[in-house]
Each structure stands twice: as structure tokens, then as C-alpha cells.
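Work each one on the model, then check the solution.

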Amino acid sequence: ACYYDPDLRARGLGVYSALRHFDLARERDARHVYLGYWVEENASMQYKARYRPHTLIEGRPEDHEAPIWRVPERDT
């Protein structure tokens, strides 16, 4: 698990965590990597939007509903 600490922001631990996830996925031949939830308006989470391609889930589907995925406009 990863936790955000504003005192350690300059160390780029979120970026390090993402890169480590990519390494592990490559080692395991995984096709997808989940970097955790992302709140677009949250400045501390903006590093996640740098990794392309990515998709976003629309809304909050209930357990019995199929999720609807979309490509962010700036990715198209």
C-alpha cells in the first residue's frame, strides 16, 4: 500500500510506485496495471494521468452493473 505524505512530495514516491508497478507487470506478462483511484481535481494525483494509454470508469456502477470505460478527451 502507498500513502501520500506532503512532507515527502519532492521525493516523487508516487512516480516511483507507478514505475515499480510497471516493472512487476512486465515480469509477470500482465497486460494491464492498476495504479489505484485517481481524482482529476486532486493535484497530488496528477502524476497518474501522465501514463498512457489509460481509461476511466464512468460514475460509480453498482455491483450488478457493468462498468462503462472511457478514454479521457486529452488522450484521443
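**Exercise 1: a charge and a ring**

Over which ring does the charged end of K48 sit?

Solution. The charged end of K48 lies over the ring of Y37, 5.8 Å from the ring centre. The test for a charge over a ring: NZ of Lys or CZ of Arg within 6 Å of the ring centre and within 35 degrees of the ring normal.

This is a predicted model: local features need pLDDT of at least 70, side-chain atom pairs count only at pLDDT 80 or more, and totals for chains, interfaces and linings use all residues. Residues are numbered from 1 along each chain as its sequence is written, and side-chain values use heavy atoms, with hydrogens and water left out.

**Exercise 2: the aromatic pair**

Find how many aromatic pairs the whole structure holds, and describe what turns up.

Solution. 
1. The search gives 1 aromatic pair (rings of Phe, Tyr and Trp, its six-membered ring, with centres within 6.5 Å; planes under 30 degrees apart are stacked, over 60 edge-to-face, the rest tilted).
2. F22 and Y51 form this edge-to-face pair, at 5.1 Å centre to centre and 70° between the planes.
3. F22 is in helix 1 and Y51 in the loop between helix 1 and strand 1, so the pair ties together parts 29 residues apart in sequence. Helices (H or I, at least four residues) and strands (E, at least two) are DSSP runs, numbered from the N terminus.

**Exercise 3: the backbone**

Which peptide bond is cis, with omega near -10°?

Solution. The bond from R52 to P53 is cis. P53 is in the loop between helix 1 (13-27) and strand 1 (56-57).
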